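Visitor: I have a structure open and would like to talk it through with you. Could you take my questions as they come?
Guide: Gladly; let us look at it together.

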Amino acid sequence: MSSTAATPGKNGRRLNGNLRGWFARQPVWVRIVGVLAVIALAYLLPYTAEIPLIGPQIVTEGIDWPSALFNMSYYVLLALGLNVVVGYAGLLDLGYVGFFAVGAYTVALLTSPDSRLGTEWPWLAAVPFAIAVAMISGLILGWPTLRLRGDYLAIVTLGFAEIIRIVAQSTETLRGDRGFTDIPHPPGQQTDGSALFGVRDATPYYWLGLTVIILVVLGVRNLDRSRVGRSWLAIREDEEAAEIMGVRTIKYKLWAFAIGACIGGLGGVMFAGQQGFMNSGTFVLQFSILVLAGVVMGGSGNIPGAILGGALISYIPDRLRGIQDPIFHTDLFGFRFAIFGAVIILIMIFRPQGLIPSRRRAMELKDREKEAAPS
Amino acid sequence: MNFSGLIHNFGPLTVTGLAQGAIIALFALGYTLVYGVLRLINFAHSEVFLLGTYASIIVWGFFGLDQNSPTPGMFAVIGLIILGMVAAVVASGVTAIGVELIAYRPLRRRNAPKLAFLITAIGASLAISETVGVITGRNIRGVPRLIRQTDVVVIGNTHITNLQILIVVLALVMMFLLDRFINRSRLGRGIRAVAQNPDSAALMGVNQGRVISLVFLLGGLMAGIAAVMYNLKIGVTRFDAGFLLGIEAFTAAVLGGIGNLRGALLGGLLLGVLQNYGAGLFGTEWLHAVSFVLLVVILLFRPTGLLGESLGRARA
């Protein structure tokens with residue numbers, strides 16, 4: 001990518017003119033320090049309220065700030081996962097919440113005292129199982145459906161999420177509305193002997209979430225720059241051409257699905273570990289569409305874009321929580337799906353590449369625009 | 001698995017399924033028309049239907065009717081149903097065209113990738129249904145009982161009510177009229193031309209933009225009629241009523257062959273019946289799951305549906 005940015009000429013100048021181009025031209029150590037500084041700032045976010053003047057404007061009122069930050073962290077995780085499926089491989093998955101649910105339910109089944117299995121494992125022991133089950137569910141869904149055309153795939157994945165919800169609601173093992181209680185929290189002790197991951201303060205959960213996000217970003221970034229990532233790109237741009245050039249499209253689409261499912265499951269694991277309670281009402285379908293809105297809004301196919309989008313879809317509604325609207329006198333939080341539905345339309349019409357676009361994606365869209373027949 | 005239940009209730013399940021399927025079929029026409037012309041899944045069609053259900057309830061509300069009021073007299077009922085249909089059809093038609101103008105037309109002008117259309121469609125669907133959800137407080141809204149259901153035909157344990165007959169007949173009539181319109185009229189010829197090849201149709205003087213609006217309008221009209229029948233049959237509506245039935249309608253369209261009008265009718269009736277058999281076999285809580293599983297199975301084994309995809313090719 002940096003080589004594209006450095007090319008002189010008409011395109012090169014435009015790309016070098018912005019902040020990203022400037023950053024890419026800095027020496028390696030400056031870039032490393034810059035990234036580390038951003039990460040350090042992210043870890044310090046729970047103390048935002050301490051900043052004079054600006055701080056109190058940023059923090060949420062209707063929900064305590066560390067909890068809001070934790071919510072943001074798992075939304076970001078989901079956005080990163082969906083970005084792999086939608087942004088990289090170009091497969092529209094509308095049932096992403098299904099994988100989130102699979103991850104969370106696996107943890108609940110293995111750890112909660114309400115579970116029929118009666119295993120009551122600690123949270124940490126259930127994590128690898130939950131991720132594996134989510135990944136397998138991704139493969140099971142992907143194997144038959146990835147042969148379908150793009151728009152059919154969207155509807156089938158939507159159906160998958162609904163089936164998971166119906167199963168969760170109607171089967172005795174998954175306990176429907178009663179849900180699972182007392183799902184254990186992550187392990188660890190503070191210096192005074194009290195549990196590190198308690199119910200009072202969500203700050204440690206946020207830090208845990210942030211750490212997981214960093215690991216996921218490293219993994220996804222490396223995948224994107226590998227053979228797998230290049231195959232995804234080829235599939236997204238033109239599946240038939242990719243197939244002819246020898247890309248095994250089904251295999252790489254399955255990869256994208258499985259990795260997306262993994263990350264979604266991880267989000268569910270984190271969610272279950274913090275909440276301690278969940279039932280079938282947690283996993284509504286609007287949720288997947290919200291995450292999709294985040295990815296599209298941030299800039300699909302771009303990691304910083306997905307992070308920004310994921311954070312915004314969680315932050316904006318949480319910031320609005322506890323504020324009454326003047327017309328219906330309901331909590332503005334209730335409007336979140338309606339607002340983001342409208343946001344999706346506006347973004348797709350006015351800025352289809354998203355807030356922080358992937359450069360390649362922006363160029364693809366420009367190309368198509370040129371091909372459009374004048375009407 | 002309750003096989004004896006299924007066999008014992010075979011007749012009643014079929015009759016309920018047919019009435020339900022007729023509503024689904026009319027709803028499915030909207031998906032099939034738009035797909036046939038634009039190759040686009042109009043995800044927001046479920047909200048076109050939803051606003052139809054609310055529009056008719058609001059109009060009936062003007063006459064002081066709510067779910068507790070007694071059934072009015074024969075002529076009043078006919079008038080009220082027609083008025084309700086007019087209101088629903090207007091609301092649905094306006095919504096359908098509005099969605100087309102706001103959400104799809106700007107993208108089409110830019111030759112946006114196919115995925116982009118689907119994403120805005122989802123955005124439109126979510127925005128409309130959630131706005132309705134916020135306004136109505138996410139509560140269910142009862143429908144006045146305009147028709148007192150009485151058994152007209154009784155064969156064994158199978159009871160066929162007047163409402164069920166009305167729904168099926170009305171659906172068949174609408175279906176027939178639409179089929180005639182598409183295959184016989186001048187405007188219908190324009191629609192078929194655009195479905196076959198948009199560019200040549202434009203060169204031959206067909207106004208593409210107008211044809212596309214017309215297609216959305218027709219889908220909206222059918223959804224409006226379906227909405228009134230749904231109201232009469234189910235008796236309640238809610239902000240997510242369109243969404244759930246919409247997926248079934250889409251399944252029906254795919255089952256019959258999306259883009260094929262007669263396929264939508266066949267798919268709708270078949271899906272309604274199969275769903276009820278599934279519910280009889282596994283229990284009613286699995287009714288919706290049946291349609292999803294069916295959808296996946298059809299797409300895997302016969303993705304073009306039972307009658308094939310052919311709005312343009314039929315009688316070309």
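Visitor: How many salt bridges does the rule count over all chains?
Guide: Over all chains the count comes to eight salt bridges, where a salt bridge is a side-chain nitrogen of Lys or Arg within 4 Å of a carboxyl oxygen of Asp or Glu. Please keep in mind that this is a predicted model, in which local features need pLDDT of at least 70 and side-chain atom pairs count only at pLDDT 80 or more, while totals for chains, interfaces and linings use all residues. As for conventions, residues are numbered from 1 along each chain as its sequence is written, chains are lettered from A and ligands numbered from 1 in the order in which they are written, and side-chain values use heavy atoms, with hydrogens and water left out.

Visitor: Which residues do salt bridges with shared partners join into one network?
Guide: One of the pairs is B:Arg238 with B:Asp240, whose side chains meet at 2.7 Å, N to O. The network that you ask about joins B:Glu100, B:Arg105 and B:Arg108 through shared partners. Within it, B:Arg105 pairs with B:Glu100 with the closest N and O atoms 3.0 Å apart, and B:Arg108 pairs with B:Glu100 at 2.7 Å between the closest N and O atoms.

Visitor: And B:Arg108, why does it count as partly exposed?
Guide: B:Arg108 counts as partly exposed because its relative accessibility is 25%; buried means under 20% relative accessible area, exposed over 50%, and partly exposed in between, with a 1.4 Å probe and protein chains only. B:Glu100, with a relative accessible area of 0%, is buried, and B:Arg105 and B:Glu100 are both buried. In the other pair, B:Arg238 is partly exposed at 32% relative accessibility, whereas B:Asp240 counts as buried at 18%.

Visitor: Switching to the interface, how much area do chain B and chain A bury between them?
Guide: They bury about 4000 Å² between them, 78% of it on carbon and sulfur atoms; buried area here is the accessible area (1.4 Å probe) that two parts lose on being put together, summed over both. B:Arg110, B:Ile119 and B:Leu126 supply 16% of the area that chain B buries against chain A, more than any other three residues. The contact, defined by heavy atoms within 4.5 Å, takes 48 residues from chain B and 43 residues from chain A.

Visitor: What polar pairing is there between chain B and chain A?
Guide: The count of salt bridges between chain B and chain A is zero, while the rule finds two residue pairs in polar contact across the interface, both at pLDDT 80 or more. A polar contact is a pair of N or O atoms within 3.5 Å; within protein, one must be able to donate a hydrogen and the other to accept it, and residues adjacent in sequence count only if both atoms are side-chain atoms.

Visitor: Which helix gives the most to the side of chain B that touches chain A?
Guide: That is H5(B), with 15 residues. Helix H4 (74–109), helix H5 (114–135), helix H10 (241–256) and helix H12 (287–301) of chain B each supply at least two residues of that side; helices (H or I, at least four residues) and strands (E, at least two) are DSSP runs, numbered from the N terminus.

Visitor: What do the buried residues of H16(A) pack against?
Guide: They pack against helix H14 (286–298) and H15 of chain A, together with H4 and H5 of chain B. Among the buried residues of H16(A) are A:Phe337, A:Phe340 and A:Met348. Helix H16 (residues 336–350) of chain A has 15 residues and reaches 21 Å from its first C-alpha to its last, close to the 21 Å expected, the expected span being 1.5 Å times one less than the number of residues.

Visitor: Where is confidence lowest in chain A, and where highest?
Guide: In chain A, confidence is lowest in helix H1 (residues 2–6), at a mean of 43, and highest in H10(A), at 93; pLDDT is the predictor's confidence in each residue, from 0 to 100. Over residues 1–16 of chain A the pLDDT is below 50, and this stretch has 14 contacts in the model beyond near neighbours in sequence. The mean pLDDT of chain A is 84, with 93% of its residues at 70 or more.
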